[in-house]
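Visitor: I would like to learn how to read a ligand site and its surroundings. Could you take me through one?

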Amino acid sequence: MKLLEDRIRKDGKILPGDVLKIDNFLNHQVDTKLMEEIGEEFYRLFKDSGATKILTIESSGIAIAQATSKYFGYLPFVFAKKTVAANMAKNAYEAKETSYTRNIEYTVQVSREYLNENDKVLILDDFLANGEAMNSLIQICRQANAEVVGCGSVVCKTYQPGEKRIKDLGYEVKVLARIKSMSEDGQIEFEEQEE
Ligand code: 5GP
C-alpha cells in the first residue's frame, strides 16, 4: 500500500532491537484518515473471505479493526485483552504471547461470550514479527472452534519468521507494507506487494 509505505518512510523511526516506531500515526497518536484507507484496503483483500467477525488485540489493533469493520458493513470486532499475571477471568479463552517489544509473556484473553463455533474470523494486527501475537489469536479461535478465514497485518518485517509461521499453520496472510530490511540509520527497504 503505497500511501502507507510513504508514511512509514516519512515518519518511521528505527529503534534498537529491530523496532519500527510509527507512534505518530498508528501506535500512539492515530491518523484516522490513513486508518480509513487501511480499513478499505483490508476490505479489498478480504471481502470474499466470508468473515463474520474481526478479532484483534489491544491496544493498537483496535483502531485498525474499527476502520476495517466499517468497510465490511460494520462487522462486530472483538479485541483480545492482555494481562501480565495469569489469573484468568473464569469465562475466557486464553493463550500465551511473548511480547516482541517488551519481551515479557502475556496471557491473552477473550471472553467466551464473544467468540464461538459460528464465527468466521478475520484476524488483524498492526505488526507481524515473530508471529506470537497472531498465533495467540489463532489459538483462541481454535479453542472457540471458530474458523479463521484470514490474517492481516498492517506491517510485516518479512525477514522475521512470523509470516512463514502463520502461513505454515495453513492460514492466508495479507500484509499492507512489507519491510524487507531496515537499519538504525533510517534506511527502510520495502518488498513488492503480492497484489
Ligand atoms: P510478534 O508477536 O509477531 O512477534 O510481534 C507483533 C506484535 O509486537 C505487534 O502486536 C506489535 O505490537 C509488536 N511489534 C513487533 N514488531 C514491532 C515493531 O517493529 N514496531 C512496533 N511498534 N511494534 C512491533
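Guide: Gladly. A residue is near a molecule if one of its heavy atoms lies within 4 Å of it. This is a predicted model, in which local features need pLDDT of at least 70 and side-chain atom pairs count only at pLDDT 80 or more, while totals for chains, interfaces and linings use all residues. Residues are numbered from 1 along each chain as its sequence is written, and side-chain values use heavy atoms, with hydrogens and water left out.

Visitor: Which residues around the ligand come nearest?

Guide: Of the 16 residues around the ligand, the nearest are L20, N130, G131, A133 and K157.

Visitor: How much of the ligand's area does the protein bury?

Guide: Accessible areas come from the Shrake-Rupley method with a 1.4 Å probe. The ligand taken alone exposes 500 Å², and the protein buries 92% of that.

Visitor: Which elements give two or more residues to the shell around the ligand?

Guide: Helices (H or I, at least four residues) and strands (E, at least two) are DSSP runs, numbered from the N terminus. Those elements are β2 (19–21), β7 (120–128) and α5. The largest share, 4 residues, comes from β7.

Visitor: What span does α5 reach?

Guide: The expected span of a helix is 1.5 Å times one less than its number of residues. Helix α5 (residues 132–143) has 12 residues and reaches 17 Å from first C-alpha to last, close to the 16 Å expected. Just after α5, N145 takes a positive phi of about 55°.

Visitor: Is S153 buried or exposed?

Guide: Buried means under 20% relative accessible area, exposed over 50%, partly exposed in between (1.4 Å probe, protein chains only). S153, in strand β8 (residues 147–157), counts as buried because its relative accessibility is 0%. A polar atom of the S153 side chain lies 2.7 Å from the backbone oxygen of V155. The buried residues of α5 include A133, M134 and L137.

Methods
Polar contact = N/O pair within 3.5 Å; in protein donor to acceptor, adjacent residues only side chain to side chain.
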